[in-house]
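Me: I have a protein model open and would like to go through it piece by piece. Can we start with the overall picture and then look at some details?

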Amino acid sequence: MPEVDICVGDPIHVEFAIFKLWLKGSSALDASRVRESQLELGGYEKELRRLEVQNQAGSPDMPQTGIVFAEINDQFLCYSMLETFLVTVPPTLDSQAILPLPPNVQQHLIQMYYSFDEHHLVIRELLGKKLTGRTRGNLDDVAEKTGVLLKSCRRQFDNVRRVFRLVEDKPGNLVENIRRGFLLPTELATKYASIVFMANCKFETGKKRLSHLPFHDFHVCVEQMIDQWTVGAEAGEQDQQPNVDTGVDRLFLHDLRDVRNVVEQDIDVLRSLASIYLASRFPDHSSSSLEAHFKQLNKTILKMAESLVHKTELKDFFSDLEEKCIDPCRQWEYSPDQMCNFISAMLESCKHLEQLTKRRRTHLAYEKYLKTVHTCVYQFASARKR
């Protein structure tokens with residue numbers, strides 16, 4: 001009779017705290033030391049960095065309890081096997097029989113694998129960069145700058161590139177495509193949608209004047225852009241045109257191109273209405289200073305709107321907003337809420353401009369543009385106060 005090898009093992013027990021250490025790039029040896037130290041999860045990252053430096057110095061002490069190391073090493077081997085099924089599109093944990101897992105555990109593992117580091121430091125560094133092999137090869141610099149282990153940087157980069165390739169030219173709602181394609185919760189899929197959108201539009205985020213802004217601020221602004229500036233913002237259930245949310249709608253940008261000329265036909269009415277609106281919200285400011293500041297901001301915002309049709313201007317939208325709108329308001333010592341009052345004055349006043357309201361598409365495009373500017377101004381201006 002032929003010999004048959006049989007392997008009998010217990011069902012895998014996934015300990016999410018250990019899986020998190022594996023995701024962070026820890027070795028089994030370092031993870032077992034961390035485990036022995038009985039640190040809370042919040043202290044893991046600091047301890048791992050210390051241990052990594054210690055290893056490089058040539059003093060890799062083995063953990064005192066060999067059982068802890070053996071257990072963690074065994075789990076790490078299992079996670080490496082599971083990774084093969086986590087990187088497929090969609091993830092196929094449910095169809096593999098090597099390491100059977102309950103559905104709830106499968107879903108949690110997928111969510112954790114596609115998550116970012118706690119403060120989204122790696123993703124912030126990747127914003128505005130091409131998702132190429134060259135960028136991946138330079139992740140050592142990102143790891144050094146952020147304090148996130150290189151293995152985790154590579155995982156996050158690969159995940160973003162995988163998502164980008166799936167949805168880049170795929171019709172349909174961007175968030176929904178990501179959610180279904182990778183079995184992710186909506187909140188996480190929305191973050192990936194923002195990253196994909198920014199990569200497609202090639203927004204400049206690496207300039208010094210934007211360096212203080214975390215990923216969250218860009219994410220909030222881009223959510224508004226996707227909601228207001230894309231083909232998906234126009235598409236309804238009865239529309240035959242595919243709903244594509246991966247870039248700014250060119251028709252929207254062309255509609256904005258004429259807004260400056262149209263608004264300036266009723267510029268006296270605009271200033272009059274804006275003065276009334278602002279006077280009730282700035283009782284301690286002189287009307288002359290408010291009028292002068294409104295005139296400057298209105299001119300800047302209109303000029304930015306008409307130039308967005310050019311790719312270079314769209315690329316610099318965040319930088320221009322910070323430099324040309326927010327910085328002057330800081331010099332005038334306006335708070336974030338007060339800055340937004342100027343944008344609100346434009347929004348309210350444009351509803352009563354005769355020449356603008358006659359041109360429905362231009363009017364609608366300008367309102368969508370101002371709503372996004374309002375959100376971005378508040379997020380960016382508030383960042384320095386946190």
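Reply: The protein chain has 22 helices and zero strands. Keep in mind that this is a predicted model.

Me: ok, how much of the protein chain counts as buried?

Reply: Of its 386 residues, 48% count as buried.

Me: And what share of the contacts with a separation of 6 or more comes from residues 24 or more positions apart?

Reply: Such residues account for 72% of those contacts in the protein chain.

Me: How many residues are in the largest nonpolar core?

Reply: That core has 115 residues. F317, F318, Y366 and Y369 have the most contacts inside it. Helix α22, residues 360–383, supplies the largest share of this core, with 10 residues.

Me: Let's take F318. What is it in contact with, leaving aside neighbours within four places in sequence?

Reply: F318 is in contact with M198, F203, E204, L210, F218, C221, V222, M225, C376 and F380.

Me: Two of those come up in α22. How does α19 sit against α22?

Reply: The axes of helix α19 (residues 317–331) and α22 come within 10 Å and cross at roughly 65 degrees. That angle makes α19 roughly perpendicular to α22. The crossing of the two is right-handed.

Me: Which residues meet there?

Reply: On the α19 side they are F317, F318, L321, E322, I326 and R330. On the α22 side they are Y369, V373, C376, V377, F380 and A381. The residues of this contact divide into 10 nonpolar, no polar and two charged.

Me: Another pair, then. At what angle do α8 and α9 pack?

Reply: Helix α8 (residues 139–146) and helix α9 (residues 150–167) pack at about 120 degrees, with their axes 9 Å apart. At that angle α8 is oblique to α9. The crossing of α8 and α9 is right-handed.

Me: And which residues are in that contact?

Reply: L139, D140, V142 and A143 in α8 meet L150, C153, R154 and F157 in α9. The residues of this contact divide into six nonpolar, no polar and two charged.

Me: Changing topic: I clicked on I343. Where is it?

Reply: I343 is in helix α20, which covers residues 336–350.

Me: Is I343 buried or exposed?

Reply: I343 is buried, because its relative accessible area is 3% and the cut-off for buried is under 20%. Apart from neighbours within four places in sequence, I343 is in contact with I301, L370, V373 and H374. I343 and N298 are 45 residues apart in sequence, and their C-alpha atoms are 8.3 Å apart in space.

Me: Now the backbone. Which residues does the cis peptide bond join?

Reply: A cis peptide bond joins V89 and P90, with omega about -5 degrees. P90 is found in the loop between α4 (66–86) and α5 (103–113).

Me: Why mention that at all?

Reply: Because most peptide bonds are trans, and most residues other than glycine have a negative phi.

Me: Then what about phi for K202?

Reply: Phi of K202 is positive, near 60 degrees, and K202 is not a glycine. K202 lies in the loop between α11 (186–201) and α12 (215–229). At 54% relative accessibility, K202 counts as exposed.

Me: And what is phi for E333?

Reply: E333, also not a glycine, has a positive phi of about 65 degrees. E333 lies in the loop between α19 and α20.

Me: Is E333 buried or exposed?

Reply: E333 is exposed, because its relative accessible area is 69% and exposed means over 50%.

Notes:
Residues are numbered from 1 along each chain as its sequence is written. This is a predicted model: local features need pLDDT of at least 70, side-chain atom pairs count only at pLDDT 80 or more; totals for chains, interfaces and linings use all residues. Side-chain values use heavy atoms; hydrogens and water are left out. A nonpolar core is a set of buried Ala, Val, Leu, Ile, Met, Phe, Trp, Tyr and Cys residues joined through side-chain atoms within 4.5 Å. Buried means under 20% relative accessible area, exposed over 50%, partly exposed in between (1.4 Å probe, protein chains only). Helices (H or I, at least four residues) and strands (E, at least two) are DSSP runs, numbered from the N terminus. Contact means heavy atoms within 4.5 Å. Axes are lines fitted to C-alpha atoms, for helices over the stretch in contact, and angles run from 0 to 180 degrees between N-to-C directions. Angles under 35 degrees count as roughly parallel, over 145 as roughly antiparallel, 65 to 115 as roughly perpendicular and the rest as oblique. A crossing is left-handed if the near helix is turned anticlockwise from the far one by less than a right angle, and right-handed if clockwise. Ala, Val, Leu, Ile, Met, Phe, Trp, Tyr, Cys and Pro count as nonpolar, Asp, Glu, Lys and Arg as charged, and the others, Gly among them, as polar.
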